[in-house]
Amino acid sequence: MDHVWCNLLHNAIKFTPDGGRIAVSLRRADEGLEVAVRDTGIGVSPSDQERIFERFFKADRSRDRAADGSGLGLALAQEIVALHRGSVSVHSRPRSGSAFRVVLPALPG
Ligand SMILES: Nc1ncnc2c1ncn2[C@@H]1O[C@H](COP(=O)(O)OP(=O)(O)OP(=O)(O)O)[C@@H](O)[C@H]1O
Ligand SMILES: [Mg+2]
């Protein structure tokens, strides 16, 4: 899971201009344990939200600033989370910020 946490945190830092805020939270949800990484960064448009988990997909406006990235991070994160029987989702508004939620099934007992 290292890759998952590192990529979500790295993305939040990369796509949030100076002076913004990043928050990480953990809570028990109905479906299991929910880890959320929220930022007040540039956000993702609704049409891009449908594509950011695809391999090599980078939103247009991130191409300059994120020149170091390959667009693979979220695709790999989604595969890793699925192997743990969990899910990852995004809620975002352009220029407002993004929230990425990872839900992992709680251990029995
Ligand atoms: N927190 C975020 N805020 C705004 N856009 C984001 C955020 N996280 C991801 N994105 C968008 O989704 C795209 C895909 O993210 P992903 O992590 O897969 O690739 P990357 O960070 O560009 O490269 P890599 O992770 O391979 O180094 C990003 O290029 C960016 O356009
Ligand atoms: Mg990334």
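A residue counts as near a molecule if its C-beta atom, placed from the backbone, lies within 6 Å of it. The model shown is predicted; local features need pLDDT of at least 70, side-chain atom pairs count only at pLDDT 80 or more, and totals for chains, interfaces and linings use all residues. Residues are numbered from 1 along each chain as its sequence is written, and chains are lettered from A and ligands numbered from 1 in the order in which they are written.

**View 1. The shell around ligand 1.** Ligand 1 is surrounded by 23 residues, the closest being F15, A59, G69, G73 and L74. At least two shell residues come from each of α1 (2–14) and α3 (73–83); helices are DSSP runs of H or I with at least four residues, strands are E runs of at least two, and both are numbered from the N terminus. The shell comprises 11 nonpolar, 10 polar and two charged residues, with Gly counted as polar.

**View 2. The largest nonpolar core.** This core, a set of buried Ala, Val, Leu, Ile, Met, Phe, Trp, Tyr and Cys residues joined through C-beta atoms within 7 Å, has 14 residues. Buried means that 20 or more other C-beta atoms lie within 10 Å of a residue's own. L8 and A77 have the most contacts inside the core. Two or more residues each come from α1, β2 (32–39), α3 and β4 (97–104); α1 gives the largest share, three residues.

**View 3. Surroundings of A77.** Beyond its neighbours within four places in sequence, A77 is in contact (C-beta atoms within 7 Å) with H3, V4, N7, L8 and V88.

**View 4. The β3–β4 hairpin.** β3 (residues 87–93) and β4 run antiparallel, joined by seven bridges; strands pair if DSSP finds at least two bridges between them. V88 has V102 of β4 as its bridge partner. Three residues lie between the two strands, and R95 in the turn has a positive phi of about 70 degrees.

Conventions: Buried ≥ 20, exposed ≤ 12 C-beta atoms within 10 Å, placed from the backbone. Contact = placed C-beta atoms within 7 Å.
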